[in-house]
Amino acid sequence: MKTDIQQIVDNLSNVSQNFSGKTILLTGGRGFLGRYFMEIFNQLNQKFLKEKMKVIVLDNLITSGKEGAEIPIYDNISFQNHDVIKKFNFDNKIDFIIHAAGIASPYYYRAFPLETLEVAIDGTKNMLELAERNSARLTFFSSSEIYGDPDPKNIPTKESYRGNVSCTGPRACYDESKRVGETLCNIFHKIKGVHTNTIRPFNIFGPGMQETDYRVLPNFTSRIKANIPLQIYGTGNQTRTFCYVTDAMEGFIRVILNGVPGEAYNIGNPDPEISVIELIKKIEIILGKKVRYDIVNYPDSYPADEPNRRCPDIFKAKIQVKYKPKIQIEEGLRRFINWSDNVYLGIQ
Ligand SMILES: NC(=O)c1ccc[n+]([C@@H]2O[C@H](COP(=O)([O-])OP(=O)(O)OC[C@H]3O[C@@H](n4cnc5c(N)ncnc54)[C@H](O)[C@@H]3O)[C@@H](O)[C@H]2O)c1
């Protein structure tokens with residue numbers, strides 16, 4: 001993880017000067033992606049920025065697990081345990097708001113449907129009002145899930161695709177609340193002149209993912225370590241793309257600094273689009289051994305109605321913010337498995 005952070009920070013040394021002397025409010029800062037932001041901002045302060053940035057991190061720790069609950073102490077970065085569905089008062093000027101708080105794992109949004117709605121709707125509105133008062137740039141973390149289950153004509157999926165989403169299905173609390181969050185950003189941009197950007201991440205993976213939030217890769221690696229068969233929900237033919245976290249973090253920061261006002265950006269890696277079974281085959285090659293798996297029905301704890309295919313069109317982010325993913329899936333999986341080998345076995 002440390003080498004990955006180093007790599008991101010080195011790649012961003014030029015653009016990051018725009019953070020010099022600025023104040024940043026980061027919500028969801030103890031989640032998987034939020035913890036990367038904290039580490040990157042700390043390194044940028046230490047290595048590159050002439051005038052340090054100040055970062056205020058908010059999180060109510062609802063899903064951040066034991067990794068998120070250990071708050072590091074860094075100069076110029078402060079943490080507050082705060083639920084963003086409540087107003088946040090801050091006396092000094094804020095320049096950037098990164099609203100990454102959310103309930104992102106299907107396992108958790110099944111368990112907390114109302115909290116999932118509230119963080120993406122009330123939380124986003126609170127952050128937009130704060131951005132308006134401060135003339136700050138706000139970046140909202142939406143999701144590829146706002147596209148629902150796209151028809152094959154719209155794969156790879158462009159930002160202009162309107163989606164095929166159920167408002168009552170088992171995933172509706174997440175998909176629909178992210179859609180409303182985007183609508184709010186759009187209204188605040190058009191009517192109140194707030195500089196908003198939306199990011200729609202597509203399956204980001206890497207070291208630091210929580211074993212217990214049941215996203216596919218940590219779920220698989222922890223079962224492999226425990227020597228129990230993987231469980232594939234549904235058919236195993238559903239496809240996904242996987243974007244390694246160093247590429248994604250660079251893309252996010254490029255959008256935060258250089259996104260065109262009011263625009264939404266897909267951030268992911270379109271190559272390759274693979275089925276869950278093909279993903280297992282790639283893991284087998286890296287491990288050099290067969291992995292046992294069973295195809296099972298969706299358990300009660302996991303929302304069914306999964307999209308059949310998911311693949312981003314990233315042309316817009318390439319052109320407008322110079323986003324270009326570089327890490328091949330095999331290399332990303334190798335780094336993730338090496339890390340999870342240590343962590344899930346308790347060595348690190
Ligand atoms: N990681 C991905 O692949 C991915 C994909 C699509 C969308 N996203 C979105 O990006 C954002 C960050 O994703 P992540 O993977 O880091 O998620 P995560 O679940 O690891 O972290 C989210 C953090 O938000 C916090 N949070 C939730 N509700 C809150 C509230 N009301 N007030 C304050 N904090 C609250 C949680 O405690 C958690 O620490 C989320 O909004 C997520 O929906 C991520």
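Predicted model: local features only at pLDDT ≥ 70, side-chain atom pairs only at ≥ 80, totals over all residues.
Residues are numbered from 1 along each chain as its sequence is written. The mean pLDDT of the chain, where pLDDT is the predictor's confidence in each residue from 0 to 100, is 93, and 98% of the residues reach 70 or more. Within the chain, confidence is highest in β5, at 99, and lowest in helix α11 (residues 329-344), at a mean of 88. Helices (H or I, at least four residues) and strands (E, at least two) are DSSP runs, numbered from the N terminus.

Let me turn to the sheet. Seen in order, the 7 strands of this open sheet are β3-β2-β1-β4-β5-β6-β11, with parallel pairing, and two strands are said to pair if DSSP finds at least two bridges between them. At the edges are β3 (77-81) and β11 (264-267), each of which pairs on one side only, and the twist averages 15° from one strand to the next.

Strand β5 (residues 137-141) runs parallel to strand β6 (residues 195-201), and 5 bridges join them, with Arg 137 standing opposite His 195 in β6. Helix α6 (residues 172-192) packs on the sheet, where it touches β5, β6 and β11, and its direction makes about 160° with that of β6; such angles run from 0 to 180 degrees between N-to-C directions, and axes are lines fitted to C-alpha atoms, for helices over the stretch in contact. This is the helix in which Ile 187 has its place, and the C-alpha atoms of Ile 187 and Ser 177, which are 10 residues apart along the chain, are separated by 15 Å.

What are the residues with the most contacts inside the largest nonpolar core? They are Ile 40, Phe 41 and Ile 97, in a core of 83 residues, where a nonpolar core means a set of buried Ala, Val, Leu, Ile, Met, Phe, Trp, Tyr and Cys residues joined through C-beta atoms within 7 Å. The largest share of this core, 8 residues, comes from helix α2 (residues 32-47). Two residues are in contact if their C-beta atoms, placed from the backbone, lie within 7 Å, and, leaving aside neighbours within four places in sequence, Ile 97 is in contact with Leu 25, Met 127, Leu 130, Ala 131, Ala 136 and Leu 138.

Next, a pair of helices. The axes of helix α1 (residues 2-11) and helix α8 (residues 245-258) come within 10 Å and cross at roughly 35°. The contact is made by Asp 4, Gln 7, Ile 8 and Asn 11 of α1 and by Val 245, Thr 246, Met 249 and Glu 250 of α8.

Finally, some details of the backbone. Most residues other than glycine have a negative phi, and most peptide bonds are trans. Here a cis peptide bond, with omega about -5°, joins Ile 155 and Pro 156, and Pro 156 has its place in the loop between β5 and α6. Another cis peptide bond joins Asp 271 and Pro 272, also with omega about -5°, and Pro 272 lies in the loop between β11 and β12 (274-275).

Asn 203, in the loop between β6 and β7 (204-205), has a positive phi, near 35°, and is partly exposed, with 18 other C-beta atoms within 10 Å. Lys 322, in the loop between α10 (315-321) and α11, has a positive phi near 60°, and counts as exposed because 12 other C-beta atoms lie within 10 Å.

Definitions and conventions. Buried ≥ 20, exposed ≤ 12 C-beta atoms within 10 Å, placed from the backbone.
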